[in-house]
Amino acid sequence: MPSGLGIKQPSVTEVTGTVIMMDDPHDTASKGHSEDQDVLSSHRESLTVKRTDTGVLLVPQPHDSPNDPLNWPVWKRDLMLLTIGFQSFLGGGQSPLLAAGMNALEVEFDKKLATVSYLVGGFMLSLGVGSVFASPTAVLYGKRLVYLFGILLFLLGSIWGGASKSFGSLMGARVMTGFGASPTECLPSSTIAEIYFAHERAYRVGIYTMLMLGGKNIIPLLSGLVFQYLDRHWLFWIQAMFLGGTLIMTFLFVPDTFWDRSPTPNKRSQLESEAAKAVKTYHPPEQRPNAFALARPSTNNVLDLESLSSSINNTGNINSDPVGITNLELESQKTHEHAVKQTYAQEIALYSGRHTIDSWWMVALRPFVLYTYPSVLFGSFIYCFAVVWLIVISETISETFRGEGYGYDQQTVGLFYVSPFVGGILGSLTAGLVSDRLTRFMIAKNNGVYEPEFRLLMIIPATFFISFGLIGFGWSSDVKDLWIGPVIFFGCLSFGSSMASTTAITFTVDSYKMFAAESLVSFNFLKNFMGFIFSLFNIDFIHARSQRTAFITYGCIQLFVSLFAIPLYIYGKKMRSWTDEKELLRRLYHEDNVPRNVYKESIKEVTKNEASSPQSSTSPANNTAYNSDNEKKSSETSNRDDSFASNDTTPQNQA
């Protein structure tokens, strides 16, 4: 098939991640369905949906229950956000916490700097392993329980760190803090998605990002002051004080946010199903790729016409009743209109029940299986190295600027983190603004079709600034240039790292929205694992080969990894089609969630059609592969309760 803007096209037209966002003016086939679209529009206009006082559509639509988190007062939700955000502030600053005092720890414990750097690697390894345990537990039993248990471990680890008097004891404390901080890394974005409407999230995500980013750059700045005027023990005592206050705030003001948004049969959903019947090109959710992952949604857009399947085919054969509405009494059984508001004691209960029928091990293994998806694997490495390079510098910055040639004190070394703080903020803002505008331009050039590979164009400036920053920092600090040189290069590295991490997340999430939560766990695990690996040899490598050689090597590694964006841009859509066909994650979902693999059947049908008629169209409108075999399966499907609904683009359970 012809390529669109250099992207090779697979033999099927419906591929996960590809979205038609604007009508193609040259597509005559789409004009033939204008009458269908008019019918759909008239039905959509007739639906009564909830809006704000200013007319903004509420997405997802809240239930008529005071217990729905989306119906909570704004002040209550914002207080939750600030509490969780402060947890992320403290957790985000743990990797570079000891950066300004590495030389002091070297003297205190009489250990080589390479050995002292294990305090960073050990923390990161436990942080990654902890996320693997925290995420599936939160999916099954709720986030509140995991948040509280994590902060308690974090607090105990800090107390242990303050009381520790040996290197081994401090290492044990760092490992405990890693496990305790893991929920603050893998769950907050999911919580934000569950308590805010789509139009409210951008501002709140910005607040959360600023707090997390601030922790990674402000805490090492403050720790430099503590190392200078107090000692290492007070660093952990002060941290324990803040964590104690955070534990109390979390217990009092962060209830569990789980809410089952499975579609409820009612008059509105009946109208949606009737509207869907009139659209020949509509494909029910269970007839789409990776349908097994959509079975238990946490959000639902009622205007996506995906809350109920109508089993439509091109010949007009449809069920007499929409699937799931065979009994209108279900409406009165599932209504939330008369729900009793929970008491405060019920809201802050530690245990709220089991939330999914999936096994714990199923949820825990999904992030690892996702490494077989090329888009997720590439995004994981880009995100991983974007953070690892900052950690590499945190392990060496104290020795670099306190040693011969500079001789700065610990306070000054901590102040050098102002540069990456500013660079990180500018990088995040630039990535968002430029990427969105560039993507809209590419969509217009691609006749209104969005491909996630468009996001990969931002890898070009991100790679430049990362490699430029790494090589410049290593070279200038090695030859002892004026302090402003390495510090500016440090800021450039942070600028590129923020841009790269943002690009990696948006590309991967846009490629597989239904696996967004699992993908982010894949990112964090690889990042923490690689951070641990680099801590084992980074210092020795620099001492053996010089700082200049080491950082030039790191810059070349970044360039090498980024070059894989080129084949991924060209063949990425074909790779996504391959993963749709294989459905490698299918076995990690409970069998009750898994419908028959209609997508594989469509692949076979497309191959059969192409063999019989090479000129035949493979568009969804003409391709019978996308049509349900309703005549043969009507008795089977009419009894199947359709629980599929559209996923929101924001990660829900970051597991």
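Contact here means heavy atoms within 4.5 Å. This is a predicted model, in which local features need pLDDT of at least 70, side-chain atom pairs count only at pLDDT 80 or more, and totals for chains, interfaces and linings use all residues. Residues are numbered from 1 along each chain as its sequence is written, and side-chain values use heavy atoms, with hydrogens and water left out.

**View 1. Y554 and the largest nonpolar core.** Leaving aside residues up to four places away in sequence, Y554 touches W389, V392, L470, F534, F537, N538 and F541. Y554 is also among the residues with the most contacts inside the largest nonpolar core, along with L98, L119, W389, I397, F534 and F551. That core has 84 residues, and its largest share, 14 residues, comes from helix α16 (residues 374–402). A nonpolar core is a set of buried Ala, Val, Leu, Ile, Met, Phe, Trp, Tyr and Cys residues joined through side-chain atoms within 4.5 Å. Another core, of 15 residues, lies apart from it and includes M80, I84, A134 and Y147.

**View 2. Helix α3 against helix α11.** Helices are DSSP runs (H or I, at least four residues), numbered from the N terminus. α3 (residues 74–92) and α11 (residues 232–253) pack at about 150°, their axes 10 Å apart. That makes α3 roughly antiparallel to α11 (an angle over 145 degrees). Axes are lines fitted to C-alpha atoms over the stretch in contact, and angles run from 0 to 180 degrees between N-to-C directions. From α3 come L79, M80, T83, F86, Q87 and L90, meeting F242, L243, T246, M249, T250 and F253 of α11. Sort these and you get eight nonpolar, four polar and no charged residues.

**View 3. A closer look at F86.** This α3 residue is partly exposed, with a relative accessible area of 26% (partly exposed lies between buried, under 20%, and exposed, over 50%, using a 1.4 Å probe and protein chains only). F86 touches L211, F242 and T246, not counting residues up to four places away in sequence. F86 and T246 sit 160 residues apart in sequence, yet their C-alpha atoms are 7.7 Å apart.

**View 4. Helix α18 with helix α20.** Here α18 (residues 418–445) and α20 (residues 484–511) pack at about 35°, with axes 7 Å apart. Among the contact residues are G423, G424 and G427 of α18 and G491, S494 and S498 of α20. By class, the contact has eight nonpolar, ten polar and no charged residues.

**View 5. Helix α9, tucked away.** Eight of the eight residues of α9 (residues 188–195) are buried, so this helix is largely enclosed by the rest of the structure.

Note on methods
Helix = DSSP H or I, 4+ residues; strand = E, 2+ residues; numbered from the N terminus. Parallel < 35°, antiparallel > 145°, perpendicular 65-115°, else oblique. Nonpolar A, V, L, I, M, F, W, Y, C, P; charged D, E, K, R; others polar.
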